[in-house]
Amino acid sequence: MSYLPYMHAFFMALAVILILVAVVTVRRKKTGWFKLHRGAASLGVVSALVAFMAEFIFKTAMNYPHVSSPHAIGGAITLMMLIVTPALGAKIASNQKFRSVHRMFGRITSAFVVLTAIAGVARFIQLLSIKS
C-alpha cells in the first residue's frame, strides 16, 4: 500500500502537465489544435481521477481521515471542476453559447490545479518535517 501515495503524486503531476498542454494548445491554435486540446484535457482528467483513487484507497486502508487538509479540500473542488469543465466543452459542440462559460471554467480550473499542486507540495514538506 505504501506505493499509492507515490502513484497519487505521479498521476497528479501528469494531470498538471496534460492540463497545461491543453491550455498551451488553445493559446497557439495551430493545425489540429482542437483534437490535441480535447485529448490532452481528457487524459488530464483521467490521470487526476486515477490519482484521486490511489490516495482514496491509501487513506481508507490506513484509516486516515479523508478531505482533512487544505490540499485535500482544494483537490476535491479541483476534481469536480476538472469533470465539469470538459462536460461544458463537449456541450459547445451542440450550442455555441457555452463557449465563454467553458473558457471561464477552464481558466478557473487551471488556477485551481496549480494552487492545489502547490498546496500538495507544501503538505508533503509538512509531513516530512513531522516525521523527522
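In this predicted model, the largest nonpolar core comprises 8 residues: Ala-15, Val-16, Ile-19, Val-45, Ala-48, Leu-79, Leu-82 and Val-113. Helices H1 (4–28), H2 (33–62) and H3 (70–92) each supply at least two residues of this core, and H1 gives the most, with 3 residues. In soluble globular proteins, nonpolar side chains tend to be buried together.

**Core contacts**
- Leu-79, a member of the largest nonpolar core, touches Ala-48, Leu-49 and Phe-52, when residues up to four places away in sequence are not counted.

**Helix H2**
- The 30 residues of H2 should span 44 Å at 1.5 Å a residue; the end C-alpha atoms of H2 are 43 Å apart, which agrees.
- An α-helix has 3.6 residues a turn, so residues three or four places apart point the same way.
- Asn-63 follows H2 and has a positive phi, near 60 degrees.

**Nonpolar surface patch**
- Leu-20, Val-114, Leu-115 and Ile-118 make a nonpolar surface patch of about 370 Å².
- H4 contributes the largest share of this patch, 3 residues.
- Val-114, one of the patch residues, lies in helix H4.
- Val-114 counts as partly exposed because its relative accessibility is 37%, between the limits of 20% for buried and 50% for exposed.

Technical notes. Residues numbered from 1 in each chain as written. Predicted model: local features only at pLDDT ≥ 70, side-chain atom pairs only at ≥ 80, totals over all residues. Heavy atoms only, no water. Core = buried A, V, L, I, M, F, W, Y, C linked by side-chain atoms within 4.5 Å. Buried < 20%, exposed > 50% of the residue type's maximum accessible area, 1.4 Å probe, protein only. Helix = DSSP H or I, 4+ residues; strand = E, 2+ residues; numbered from the N terminus. Contact = heavy atoms within 4.5 Å. Expected span 1.5 Å × (residues − 1). Patch = residues over 30% accessible without salt bridge, like charges linked within 9 Å, V, L, I, M, F, W, Y side chains within 5 Å. Areas by Shrake-Rupley, 256 points an atom, 1.4 Å probe, with all protein chains shown as cover. Salt bridge = Lys/Arg side-chain N within 4 Å of Asp/Glu carboxyl O.
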